[in-house]
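Please look over the sequence and the model shown below before reading on.

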Amino acid sequence: MERRIFIKKCCQVGIGLPLAASLLQSCGALYYATTTQDAGKTIVAKSEFWEVRKNKKVRRPFVLITVEGLAFPICIYETQEDNYVASLLKCTHRGCELNVGGGIYSCPCHGSEFSASGGLLQGPAERDLKTFKTETDHENIYLYIS
Ligand code: FES
């Protein structure tokens with residue numbers, strides 16, 4: 001490889017890596033919240049919806065949790081201020097695990113889409129997502145998983 005081409009490629013990598021890293025960071029990774037169990041309830045602290053990015057507190061629109069005995073994660077979306085909807089990330093068409101992003105759930109298998117509240121937006125699925133009853137107090141979100 002010529003020296004000039006080698007230097008050009010090195011510069012592209014040098015510029016590209018920080019750019020890619022900042023883009024990935026701005027997309028935000030999926031975050032799995034910590035849970036506790038108490039008297040049949042799964043408890044998630046509301047503070048799990050906050051993260052610190054570049055010394056600023058940023059609100060996550062949703063967090064994921066795993067629950068023993070469930071083969072799919074649950075996504076808890078804050079659909080309105082202090083209103084949370086917990087949906088099982090299992091497509092109601094043929095059971096693929098859903099992707100989360102852009103305010104909707106999308107199925108990688110056949111393209112069904114669901115709203116952040118679990119409502120069907122687009123088939124081939126014909127039913128809404130399974131959701132779980134939630135309650136809140138000033139500190140926590142309580143999920144009733146049955
Ligand atoms: S399994 Fe999700 S659309 Fe078919």
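In this predicted model, the largest nonpolar core has 15 residues, and Ile65, Ile74, Ile76 and Leu143 are the members that touch the most others. A nonpolar core is here a set of buried Ala, Val, Leu, Ile, Met, Phe, Trp, Tyr and Cys residues joined through side-chain atoms within 4.5 Å, where buried means under 20% relative accessible area, exposed means over 50%, and partly exposed lies in between, with a 1.4 Å probe and protein chains only. Because the model is predicted, local features need pLDDT of at least 70 and side-chain atom pairs count only at pLDDT 80 or more, while totals for chains, interfaces and linings use all residues. Residues are numbered from 1 along each chain as its sequence is written, and side-chain values use heavy atoms, with hydrogens and water left out.

- Once neighbours within four places in sequence are left aside, Ile74 is in contact with Val63, Leu64, Ile65, Val67, Ala86, Ser87, Leu88, Phe132, Leu143 and Ile145, contact meaning heavy atoms within 4.5 Å.
- Another core lies apart from the largest one and has 14 residues, among them Leu64, Cys75, Tyr105 and Ala116.

**Overall make-up**

- Of the 146 residues in the protein, 31% are buried.
- Among contacts between residues at least 6 apart in sequence, 41% join residues at least 24 apart.
- The protein exposes about 9500 Å², of which carbon and sulfur atoms supply 53%; accessible areas come from the Shrake-Rupley method with a 1.4 Å probe, and for residues only the protein chains shown count as cover.

**Two glutamates in loops**

- Glu48 lies in the loop between β2 (41-45) and β3 (50-53), and its contacts, leaving aside neighbours within four places in sequence, are Tyr31, Ala33, Thr34, Arg60 and Val63.
- Although Glu48 is buried, it has no salt bridge, and the nearest side chain of opposite charge, that of Arg60, is 5.1 Å away; for charge, Lys and Arg count as positive and Asp and Glu as negative, whereas His and the chain ends are not counted.
- Glu139 is found in the loop between β12 (131-136) and β13, and Glu139 counts as partly exposed because its relative accessible area is 47%.
- Although Glu139 and Ala45 are 94 residues apart in sequence, they are 6.1 Å apart in space, C-alpha to C-alpha.
- Not counting residues up to four places away in sequence, Glu139 touches Ala45 and Lys46.

**Cysteines**

- A search of the whole structure finds one disulfide, a term that stands for a pair of cysteine sulfur atoms within 2.5 Å.
- This disulfide is formed by Cys96 and Cys109, whose sulfur atoms are 1.9 Å apart.
- The pair links distant parts of the chain, 13 residues apart, with Cys96 in the loop between β7 and β8 (99-101) and Cys109 in the loop between β9 (104-106) and β10 (113-115).
- The torsion about the S-S bond of Cys96 and Cys109 is about -100°, so the disulfide is left-handed.
- Cys109 is partly exposed because its relative accessibility is 37%, whereas Cys75, at 0%, counts as buried, and Cys107, at 7%, is buried as well.

**Salt bridges**

- The structure holds five salt bridges, each being a side-chain nitrogen of Lys or Arg within 4 Å of a carboxyl oxygen of Asp or Glu.
- Glu51 forms a salt bridge with Arg53, the closest N and O atoms being 2.9 Å apart, and another with Arg60, where the corresponding distance is 3.8 Å.
- Arg60 counts as buried because its relative accessibility is 12%, while Arg53, at 28%, is partly exposed, and Glu51, at 21%, is partly exposed too.
- Glu78 and Arg59 also meet through their side chains in a salt bridge (2.8 Å, N to O), which links distant parts of the chain, Glu78 in strand β6 and Arg59 in strand β4 (residues 56-59), 19 residues apart.
- Salt bridges that share partners join Glu51, Arg53 and Arg60 into one network.

Conventions. Helices (H or I, at least four residues) and strands (E, at least two) are DSSP runs, numbered from the N terminus.
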